[in-house]
Amino acid sequence: MEKLELLKAYWGYSSFKGAQQQVIDNITAKRDVLCVMPTGAGKSVCYQVPALMLEGVTIVISPLISLMTDQVKSLVNMGIKAAYLNSSLSASQQALAMQRAKAGAYKIIYAAPEKLLTSDFLNMCKSINISMVAVDEAHCISHWGQDFRPDYLKIVDFIAKLNHRPIVSAFTATATPEVREDIEHILQLNNPFVITTGFDRPNLSFQVMHPKNKDTQLLSIVRSNPEECGIVYCNTRSNVEDVCQMLQEADIKALPYHAGMSMNERKQNQEAFIYDRCRVIVATNAFGMGIDKSDVAYVVHYNMPQNIEGYYQEAGRAGRDGSAAKCILLFSGKDYATNKFLIEKSIESSQLEPETAQIIVENKLRQLNAMYGYCNTADCLRGFILKYFGQPYSGYCGNCSNCTGDFVEKNITIEAQKVLSCIAKTKQRFGAKMIADILLGSKNQNIINNGFDSLSTYGLLKDNTRDEVNKIINYLIVKDYVFRTQDKFPILKLNGSSVKILKGKLKVTMRTKKTDTLNKEKVFTVSKSDEYSEEMYDYIRSVRNQLAEEANVPAYVIFSNNSLKDMCIKKPTSLSQILNVSGVGTRKAENYGLIFITAIGLYCEYEKGFYTKEELQLTPLQLKNRSGLYKEGTAVLHKQFGRGTVTLANQKSDIVKVNFEKGGEKYISTTFFGMKPLPSKSD
Ligand SMILES: Nc1ncnc2c1ncn2[C@@H]1O[C@H](COP(=O)(O)OP(=O)(O)OP(=O)(O)O)[C@@H](O)[C@H]1O
Ligand SMILES: [Mg+2]
Ligand SMILES: [Zn+2]
C-alpha cells in the first residue's frame, strides 16, 4: 500500500501533517533521519508508516515502559502487528514474544534500551531482517537533554552488532543545538536528513502569573474549568503531595504522581488520569513523557521549572488535539533558589568526574537563568520561547499574558539608580533579598547588625511594595543591567550597563501592567465549540470510556477526543460514513463502528424526544445488539414497504411516521422495529 492509503486505512487520517510526508519519504528512500518536531506534532506516524512499507521489522527504542505499552496497544488496536519487550513482561512472556518475532509475527517491535544488548534479544534480532531502528525521545541520549538515560548509549553498540546496518531514524521534541548535535554524533547517523520544524504551537496560550497565594490562584484556575482535565507540575515530591491534598480538600478529583511512589501506585494514578477517572494530576516532571492524552486543557506549573526545554515539553502536553489550551506558570522568587539547590544536589549525588560535573552545573544554571528570564520578561512569551529554540519571531502573538495584558511603558531609571547605588554602597557583597530589604527600609536583625539602616540608600524605595522592588531587581537582572553571580548564595554585582545607568547615560524603561492586580489576574476558560452538541459529545465519550475500560486500554486508543468531536459533527449513519471521520481507520470501523453509529443515532432520537436520558445509558454491548435489531426492523420495513424516512409522529405516542422515498406515508408502531426506532433516516 502507498503511504497515504496506509495512513487512511490504519490511522484513519486523510492527510499528513506538517513535515510527516517528507520524513517518511526520506526513510523509505533508505536515508537516516533526525526529526525534531514539537510535542504532539505526530512524530510516531513518521516511523510507524515507513515501518509498514519497508521489508522486514522495525525496532523502536523508547525510554518508558508505560509509553511503550500504550503505543503498542494503540497499534494493535489499529490492526498493526506490533509487540513490546521490556521488564513489565515476565521471562516466559518475553521468550514467547521473541519466539513469535522470529516467526515473523510482528512488523514493529518496541524495546527498552536496557534490553538491546541482552543475548536473547540480540540473537532474535540477528535471526530476522531488521529494516530500521527508530529511536524515539532521542534527546535521552544527550547529557544536555533534560532526561538523560545512560542506557541510550547502548544503541550504537546494538546497531553495530546487527547483521547489516539498518536505517536509523531519531525523533525528539528537544530543539537545542547541543542536543541535536549529540543525537547526530552519538547515534552515528549516516548523512541524515535533518528536519527541525517550526516550534510554535498556536493553539497554546502562555501565561505567567506572580500570585501572592499560589494555592488560591491554582484553585481558581481549576474551578473555572470544571469539565476539563489538567496537569499541575510541582518541583518537589513534597510539593506534589501538599498541592494535591489542597485540591482534594477543595473537593477536586486530583491524584499525585512522583518518583517516590510505588510503581503500582504511579501506574494506577496515571491510568486514572488517562482514562478520565480523575480530573487533575499533580506531578513532578517524572510524569508525562510521550503521554498522548489529547484533551488536556491546561498545564499549570506551580513552580518555575529548571529549563525552557523541560517547560515547553511539559506545557506542550496541553492541547495535543489542536484545541485551544492554556499553559500557566505560577512564579515566585523562591523557585529560583529551590531549583538551584536541586541542581547542585543532583550533581553531588551523581557519579560524574568533577570536571564534567562542573560543566553540567554551569550549563544547568545557564538554562535556569533563561527560564527565570521567561518568568520576568515583559515581552511576548511565545516569542521568548521560540527565540530560545533559535526560531526567529518578531512582534506580539496576541495569545500570551504579556501580549494581551494591559501594559504601560514606564520609565524606571530613577528606581534603577537607587537599586544600583545600593549595591555599590554595600560593596557588591549581597544578594537581591538584602538589597530589597535595605531599599524598603526593613528593620530586620540583619540590617541592624550590619548598620545598613544608616546607609544613604536605606529606605529609598519605601513607598514601593516589596513586590514592586523585587520586580525591578528581577528586571535589571533579566536585562543584564546588573550581574548576578552563580554562587550558592548569588550576589548582585555591577557591570558596564550598571555604570551607564548610574551616570544617567542609559535610560531604563519597563513594561508593567497598568493595573497591577496580582491576584485578580484574568483566569481563562477554554472555549467550547459550537459546531457540535457538547451533550452529545459527553454521551459518546462515556461510551468510548466504557469500551476503553472493558478493553483495559487508554481511552484515546479506542478513539481520540478529536475523532469523537468529528463524529458529533458528521453524525455518521453507516460504516462507510464513519470511515470519513478523522481518526477512524478500517479496523476501528469494523470493531467499534456499529456501537458508535447506534449511539449517535440513539442520541439524535433522544434530542427529538423519542428517548429519555436514562434510556440512553446502555453498555457498548447493548448498543451493538441494538444496531442489529434496528437493522432487522428496517430490513423488514424495506421489504414490505420500500425505503423511507422515519420521524416522530407525536411527542407522546410510540407511533412513528414513515415517509417513503417512492412517495406516500405511513404511521407505524415502534414495536414494529422490535424496539424504539433509531436513526431518523433509514439506510
Ligand atoms: N496526519 C495526521 N492527522 C491528524 N492527526 C495526526 C496525524 N498524525 C498524527 N496525528 C495525531 O497527533 C497526535 C500526536 O501524535 P504523536 O504522539 O506521534 O506526537 P509526538 O510528536 O510523538 O509528540 P511527543 O513529543 O509528545 O511524543 C496523536 O493523537 C496522533 O494520532
Ligand atoms: Mg512521541
Ligand atoms: Zn505573545
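1. The largest nonpolar core has 87 residues, and those touching the most other members are Val-232, Val-282, Ile-540, Phe-596 and Ala-599. A nonpolar core here is a set of buried Ala, Val, Leu, Ile, Met, Phe, Trp, Tyr and Cys residues joined through C-beta atoms within 7 Å. Buried means that 20 or more other C-beta atoms lie within 10 Å of a residue's own; exposed means 12 or fewer, and partly exposed is in between, with C-beta atoms placed from the backbone. Helix H26 (residues 586-608) gives the most to this core, 10 residues. Domain 2 (204-404) and domain 4 (534-677) both contribute residues, so the core lies between them. Helices (H or I, at least four residues) and strands (E, at least two) are DSSP runs, numbered from the N terminus. Domain bounds come from an automatic or database domain assignment.

2. Before going on, note what kind of model this is. It is predicted: local features need pLDDT of at least 70, side-chain atom pairs count only at pLDDT 80 or more, and totals for chains, interfaces and linings use all residues. Residues are numbered from 1 along each chain as its sequence is written, while chains are lettered from A and ligands numbered from 1 in the order in which they are written.

3. Which residues does Ile-540 contact, leaving aside neighbours within four places in sequence? They are Leu-564, Met-567, Cys-568, Phe-596, Ala-599 and Ile-600. Contact means that the C-beta atoms of two residues, placed from the backbone, lie within 7 Å. Another core, of 66 residues, lies apart from the largest one; Ile-27, Leu-34, Tyr-152 and Ile-167 are among its members.

4. Now the whole protein. The domain assignment gives domain 1 (3-196), domain 2 (204-404), domain 3 (407-513) and domain 4 (534-677). The C-alpha centres of domain 1 and domain 3 are 52 Å apart. The protein holds 28 helices and 20 strands. Its C-alpha atoms fill a box of roughly 105 × 70 × 45 Å along the principal axes. Of the 683 residues, 45% are buried. Take the contacts with a separation of 6 or more: 71% of them join residues 24 or more positions apart.

5. Look at helix H15 (residues 381-388). Seven of its eight residues are buried, so H15 is largely enclosed by the rest of the structure. The buried ones are Leu-381, Arg-382, Gly-383, Phe-384, Ile-385, Leu-386 and Tyr-388. Their cover includes strand S8 (204-209), helix H12 (308-315), helix H14 (354-376) and helix H16 (401-404). Just after H15, Gly-390 has a positive phi of about 85°.

6. Is Ile-477 buried or exposed? Ile-477 is buried, because 20 other C-beta atoms lie within 10 Å. This residue sits in helix H20 (residues 466-478). Not counting residues up to four places away in sequence, Ile-477 touches Val-482 and Arg-484. Ile-477 and Leu-618 are 141 residues apart along the chain, and their C-alpha atoms are separated by 61 Å.

7. Compare Lys-427. It lies in the loop between helix H17 (413-425) and helix H18 (432-440). Lys-427 is exposed, because 7 other C-beta atoms lie within 10 Å.

8. Finally, check two backbone angles. Most residues other than glycine have a negative phi. Lys-30, not a glycine, has a positive phi of about 70°. Lys-30 is in the loop between helix H2 (20-28) and strand S1 (33-36), and is exposed, with 12 other C-beta atoms within 10 Å. Asn-191 also is not glycine, and its phi is positive, near 40°. The loop between helix H8 (177-186) and strand S7 (193-196) holds Asn-191. Asn-191 counts as exposed, with 7 C-beta neighbours inside 10 Å.
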